[in-house]
Amino acid sequence: MGYDDISRHDGKVMSADGEKVYAAPPPFENDIVGEMSEAERHIYDHGVQKFNRLGWKRLTIVLIVEAIALGSLSIPQTFAKLGMVAGVICCVGLGLVAIYTSYIVGQVKLLFPQVANYPDAGRLMWGRFGYELINVMLALQLILLTGSHCLTGTIAFMEITKSHVCSVVFAVVSAIILLLLAVPPSFAEVAILGYVDFASIVLAIGITIIGTGVQANDSPAGLAGVPWSAWPAPDLTFTEAFIAVSNIIFAYSFAMCQFSFMDEMHTPKDFVKSIWALGITEIVIYTLTGALIYAFVGQDVKSPALTSAGTTLGRVAYGIALPVIFISGSINTVVFGRLVHGRIFANSNIRFINTKMGWITWLAIITAATILAFVIAEVIPFFNDLLSISSALFISGFTFYFPALMWFLLIRKGGWTEGHNLILTIVNGVILIIGLLVLVAGTYTSVQDIIDKYREGSVRGVFTCAAPS
């Protein structure tokens, strides 16, 4: 398989005997460096150093910023749909699958160091078509993610203020905050905010769990009177069940940005420590959040879950959650900006964003992305469906079927049925089927649910002042 222009050159990724090898350093880089003036060389060296500062601990923080946010806020209602048993099984099972597929993504990055992002991996598998297809998918997913954070910011401000201010005003404020936090282009810089981000979501979830637990205990029937069930509701529809599963899938979407994050690592092989640390943290937080809040609130649990804590505590929880809403949202804009900016200025020092023109173009790209995300948040102003359609269309690929295909096409050595490959062939085959099932069934159910809600009039209209749902 040819390494088709992955870093603007035509190096190969296969040796004569078919074994995968590291691609050679891009010759165009050597040519450019040799032709640089002293001032240009300084800009180049500074740029390389700027984007090569992540260690595995900082990578873990960046992954936490990107991963642990909105997903946790939808999971208690997912438990209410699926029941306690299926909810726990899905949270733990899908979390372990996400860790494994992220491991595959990391192995591809180690085998092919020039892979700077997910579209580059697509080029390895299917040439220019794969590169362009995954470019479009990744760009749309990142915009959808930023849009979902803009929507959550609107809901948060509405809950905190309890005012009659038009929700579109709060949406604009949310978009502006997301834009300002996306200005630093380096993930190492974003990692600094990661500690605030993680503390924010843990405290917000903790307040919600404690608040709902106290309310349940103080109710006339006590904890025993909470209407929760170990099993799915008898009238659960296929659409509701699949949207619930899609929301859990959304929560485990960290593989999507992993290539971009690892491209800034000074020791990429340390990525394994990061994905295990993140994966276990996510599984524990999501499972406990979903199970406890559902057990304390029952079938009436809201989504986002912070709303279930009651008026006063809900306002406090949303206030504490504001950092995670906006910091986690902004990192998606940064990844989008790096994807687009890096492609436009691939052969120029402008890509390092340490010159006047670099900053002007960077700000223009992230501003356009934020405006588009704002529009999406207003067009699809309901939280669960925005998450589920995002999961079905894109995360199904980035977390499931693309990594499975990477194993078959890029990592596997020897035949599928050879002894050392047999178990992994089955495992990756199952993951591939899961991903394709989520893509088809998840997209259908998400779109159908959006159509049904507009038909029933149960959601606000586009760009109206009513509160999002």
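This is a predicted model: local features need pLDDT of at least 70, side-chain atom pairs count only at pLDDT 80 or more; totals for chains, interfaces and linings use all residues.

Colleague: How do you know that the span of H7 is close to the expected one?

Modeller: Helix H7 comprises residues 167–181, 15 residues in number, and the expectation at 1.5 Å a residue is 21 Å.

Colleague: What makes the span of H11 agree with expectation?

Modeller: The 27 residues of H11 should span 39 Å at 1.5 Å a residue. The end C-alpha atoms of H11 are 38 Å apart, which agrees.

Colleague: Why is Thr289 counted as buried?

Modeller: Buried means under 20% relative accessible area. Thr289 has a relative accessibility of 3%, and therefore counts as buried. This residue is located in helix H11. Leaving out residues up to four places away in sequence, Thr289 touches Ser72, Pro76, Ile205, Ile209 and Tyr294.

Colleague: Which backbone oxygen lies 2.6 Å from a polar atom of the Thr289 side chain?

Modeller: That oxygen belongs to Ile285. The cut-off for a polar contact is 3.5 Å, and the distance here is 2.6 Å.

Colleague: Is Ser308 buried or exposed, and how do you know?

Modeller: Its relative accessible area is 10%. With the limit for buried set at under 20%, Ser308 is therefore buried. Ser308 is placed in the loop between helix H11 (271–297) and helix H12 (311–344). Neighbours within four places in sequence aside, Ser308 is in contact with Thr212, Gln215, Val297, Val301 and Lys302.

Colleague: Why is Lys162 called partly exposed?

Modeller: The term applies between the limits of 20% and 50%. Lys162 has a relative accessible area of 42%, so it is partly exposed. Lys162 lies in the loop between H6 and H7. Its phi is near 50°, a positive value in a residue other than glycine.

Colleague: What is the phi of Ile353, and where is this residue found?

Modeller: Ile353 has a positive phi of about 55°, although it is not a glycine. The residue is found in the loop between H12 and H13. Its relative accessible area is 1%, and therefore Ile353 is buried.

Colleague: Why is Ile366 called buried?

Modeller: Its relative accessible area is 0%, so Ile366 is buried. The place of Ile366 is in helix H13. Ile366 and Gly337 are 29 residues apart in sequence, and their C-alpha atoms are 5.6 Å apart in space. Besides Gly337, Ile366 touches Leu179, Ala182, Val183 and Thr333, with residues up to four places away in sequence not counted.

Colleague: Which residues have the most contacts inside the largest nonpolar core?

Modeller: They are Tyr118, Tyr252, Phe261, Phe398 and Met406, in a core of 131 residues. Helix H6, residues 118–161, gives the most to this core, with 18 residues. Phe398 touches Tyr118, Ile134, Met137, Leu138, Gln141, Ala255, Met256 and Pro403, residues up to four places away in sequence not being counted.

Colleague: How many helices and strands does the protein chain have?

Modeller: The protein chain has 15 helices and zero strands. Of its 469 residues, 56% count as buried. Among contacts with a separation of 6 or more, 83% join residues 24 or more positions apart.

Colleague: Where is confidence lowest, and where is it highest?

Modeller: The mean pLDDT of the protein chain is 84, and 85% of its residues reach 70 or more. Confidence is lowest in helix H1 (residues 27–35), at a mean of 45, and highest in helix H5 (residues 84–111), at 96. Over residues 1–34 the pLDDT is below 50, and this stretch has 70 contacts in the model beyond near neighbours in sequence. Residues 44–51 also have a pLDDT below 50, with 23 such contacts.

Definitions and conventions. Residues are numbered from 1 along each chain as its sequence is written. Side-chain values use heavy atoms; hydrogens and water are left out. A nonpolar core is a set of buried Ala, Val, Leu, Ile, Met, Phe, Trp, Tyr and Cys residues joined through side-chain atoms within 4.5 Å. Buried means under 20% relative accessible area, exposed over 50%, partly exposed in between (1.4 Å probe, protein chains only). Helices (H or I, at least four residues) and strands (E, at least two) are DSSP runs, numbered from the N terminus. Contact means heavy atoms within 4.5 Å. The expected span of a helix is 1.5 Å times one less than its number of residues. A polar contact is a pair of N or O atoms within 3.5 Å; within protein, one must be able to donate a hydrogen and the other to accept it, and residues adjacent in sequence count only if both atoms are side-chain atoms. pLDDT is the predictor's confidence in each residue, from 0 to 100.
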